[in-house]
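Reader: I've got a model open and I'd like to talk it through with you. Can we go feature by feature?

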Amino acid sequence: MLGIFCSNEATVKGLLAATNDGSALPQQYPDLVVIGYDAGAGQKNAVRNGYFLGSITQDPYQIGYKAVELAVKAYKGESVSDVDTGAKFYNADNMDDADIKGLLYD
């Protein structure tokens, strides 16, 4: 079995452009597993149609919230460090679930 991990939306778009929006993948590479990162429209369609096993989406709300929280701490002279801003794996089965759906932006 072969796999491709598209580490950002640009690599996803490149793969989709080279494979007729992903529809060529099942015929040309039936054992290929593709995982993407982010949640653009083309990527969501590839996941929904089963061309990608799934993708990982970021949590934009938490990214913004944590950025402001850390900025306030830094301003006050408090110690700051790296934080986990959250990410979720989605596939055709769970992409419409309430805790995922709001994170799938275009």
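This is a predicted model: local features need pLDDT of at least 70, side-chain atom pairs count only at pLDDT 80 or more; totals for chains, interfaces and linings use all residues.

Reader: Which aromatic pair does Tyr61 belong to, and what is the angle between the planes?

Author: A search of the whole structure turns up one aromatic pair. Its members are Tyr61 and Tyr65, with 6.1 Å from centre to centre. Planes under 30 degrees apart count as stacked, and this pair is stacked, with an angle between the planes of 25°.

Reader: How many residues apart are Tyr61 and Tyr65, and in which helix?

Author: The two tyrosines are separated by about one helical turn. That's because they sit four residues apart in helix 4, residues 60-75. As for cover, Tyr65 is partly exposed, with a relative accessible area of 44%. So, for the spacing you asked about: four residues, in helix 4.

Reader: Zooming out, what pattern does the protein chain follow along the sequence?

Author: Start with the tally: the protein chain has five helices and four strands. Read along the sequence, they give the pattern β-α-α-β-α-β-α-β-α.

Reader: What is the radius of gyration of the protein chain, against what the globule rule gives?

Author: For 106 residues the globule rule gives 13 Å, and the protein chain is well over that, so it is more spread out than a compact globule. The C-alpha trace spans about 55 × 25 × 25 Å along its principal axes. Buried residues make up 29% of the 106. The radius of gyration itself is 17 Å.

Reader: And what order do the strands of the open sheet have?

Author: The sheet has four strands with mixed pairing. Strand 1 (2-5) and strand 4 (87-90) each have a single partner strand, so one side of each is left without a neighbour in the sheet. Ignoring direction, neighbouring strands are turned by 15° against each other on average. The order is 1-2-3-4.

Reader: Then which residue of strand 4 is the bridge partner of Thr57?

Author: Here the direction is antiparallel: strand 3 (residues 54-58) and strand 4 are joined by four bridges. For Thr57, the bridge partner in strand 4 is Lys88.

Reader: Last one: how far apart in space are Gly102 and Asp59, C-alpha to C-alpha?

Author: Gly102 lies in the segment after helix 5 (98-101), and at 66% relative accessibility it counts as exposed. Along the sequence, Gly102 and Asp59 are 43 residues apart. In space, C-alpha to C-alpha, their separation is 8.8 Å.

Technical notes:
Residues are numbered from 1 along each chain as its sequence is written. Side-chain values use heavy atoms; hydrogens and water are left out. Two strands pair if DSSP finds at least two bridges between them. Axes are lines fitted to C-alpha atoms, for helices over the stretch in contact, and angles run from 0 to 180 degrees between N-to-C directions. The radius of gyration is taken over C-alpha atoms; the globule rule is 2.2 Å times the number of residues to the power 0.38. Buried means under 20% relative accessible area, exposed over 50%, partly exposed in between (1.4 Å probe, protein chains only). Rings of Phe, Tyr and Trp (its six-membered ring) pair if their centres lie within 6.5 Å; planes under 30 degrees apart count as stacked, over 60 as edge-to-face and the rest as tilted.
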